[in-house]
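Here is my note on the model you sent. Please read it with the structure open beside you.

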Amino acid sequence: MVEGKVVVVTGAGGGIGRDIALAMAAHGAKVVVNDIGAALDGVGGSAGPAQQVVDEIRAAGGQAVPNTDSVADAASAARIVQCAIDSFGRIDAVVNNAGILRDRFFHKMSVDEWDSVLKVHLYGAYYVSRAAATYFKEQESGALVHMTSTSGLIGNFGQANYAAAKLGIVALSKSIALDMQKFKVRSNCIAPFAWSRMIGAIPTDTDEQRARVDKIKQMTPAKVAPLAVYLASDAAAAVNGQIFSVRNNEISLISQPRPVRSIHRSEGWTPQSIAEHAMPAMRASFFDLDRSADVFSWDPV
């Protein structure tokens, strides 16, 4: 599917990123395996995780190089893309998968906890995509695959920073899709459901929580990889600006935001008439939207 293409996968030292990198290589791509080797909260660093994935790819007969630059800095992110150019002569696709967590209820969240998560997820997706965009425009081809989350699409407790970043990535992806489609560059999002260290801290204090975690563990990161490979391939040339979710063996297309009900009043609205007429008429729509979200609201990743 991606024979001969050069693909950058960020955050590829473990979890979903690792499986995407392995799958890209298995389907013929040359892979830049990027990972700073930090802890889940972004602290520390090690070349080990990226190198281990590279070793796996090479042992299977594939081509890959490690990279430990951070996505959270513009100059460092540019070096990730330059690594692809220096190692393999071109770049064809980027998978923006790198991420950290700094979960905290909103009224307790610090500025650093907010800023650090947005830097890695949202700024990181921008920095790496922007560095690749120059090459994509010149060669009139390229694919961007961004990892979003149901935490952003629907919401989740204690993740205002993560949710804001992940929903921001959706808007970023759609804007890239619009701006660069004339250069045959595509940009799409995946919201993955999979067991990884990103959700390994879910409490298991009760039988209900343990059952929930056991269910998530069945959803392995490898289940997400085929869609990422497809979106990076020429077979996905007509797929642009979309949001998908992957949950075990199920792939879903996520709806784009759109009006679900409108109410017109010829004389205009007052706060009182909104309370008396508009909101009562819309309450049924609130309920319908809440029910539709239930399909995806459990176990955000």
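This is a predicted model: local features need pLDDT of at least 70, side-chain atom pairs count only at pLDDT 80 or more; totals for chains, interfaces and linings use all residues.

The points below go through the sheet, the helices on it, the cores and the salt bridges.

1. In what sense do β7 and β8 pair? The pairing is antiparallel, over four bridges. Ser245 has Ser252, in β8, as its bridge partner. A salt bridge also joins the side chains of Arg247 and Glu250, at 3.2 Å from N to O. Arg247 counts as buried because its relative accessibility is 14%, under the 20% limit. Glu250 is partly exposed, at 34%.

2. Helix α8. Is this helix mostly covered or mostly open? It is mostly covered: six of the eight residues in α8 (residues 225–232) are buried. The buried ones are Ala225, Leu227, Ala228, Val229, Leu231 and Ala232. Their cover includes helix α1 (15–26). It also includes strands β4 (93–96), β5 (142–147), β6 (185–193), β7 (243–247) and β8 (250–253).

3. The largest nonpolar core. It has 38 residues. Val8, Val32, Ile91, Val94, Val128 and Phe136 have the most contacts inside it. β1, α3, α4 (111–139), α6 and β6 each supply at least two residues of this core. Which element gives the most? That is α4, with nine residues.

4. Val8 up close. Leaving out residues up to four places away in sequence, Val8 touches Val32, Ile80, Ala84, Ile91, Ala93, Val94 and Val95. Val32, Ile91 and Val94 are also listed with Val8 among the residues with the most contacts in the largest core.

5. The second core. A separate core holds 35 residues. Among them are Val7, Val9, Ala23 and Ala225. Ala225 is also one of the buried residues of α8.

6. Salt bridges. How many does the structure hold? There are nine. In one of them, the side chains of Asp234 and Lys5 meet at 3.0 Å, N to O. This pair links distant parts of the chain, 229 residues apart. Asp234 sits in the loop between α8 and β7, and Lys5 in the segment before β1 (6–9). Asp234 is exposed, with a relative accessible area of 57%. Lys5 is buried, at 14%.

7. Another pair. Asp92 and Arg90 meet through their side chains at 2.7 Å, N to O. Asp92 counts as buried, at 7% relative accessibility. Arg90 counts as partly exposed, at 33%. Why is Arg90 not called buried? Buried needs a value under 20%, and exposed a value over 50%, so 33% puts Arg90 in between.

Methods
Residues are numbered from 1 along each chain as its sequence is written. Side-chain values use heavy atoms; hydrogens and water are left out. Buried means under 20% relative accessible area, exposed over 50%, partly exposed in between (1.4 Å probe, protein chains only). Contact means heavy atoms within 4.5 Å. A salt bridge is a side-chain nitrogen of Lys or Arg within 4 Å of a carboxyl oxygen of Asp or Glu. Two strands pair if DSSP finds at least two bridges between them. A nonpolar core is a set of buried Ala, Val, Leu, Ile, Met, Phe, Trp, Tyr and Cys residues joined through side-chain atoms within 4.5 Å.
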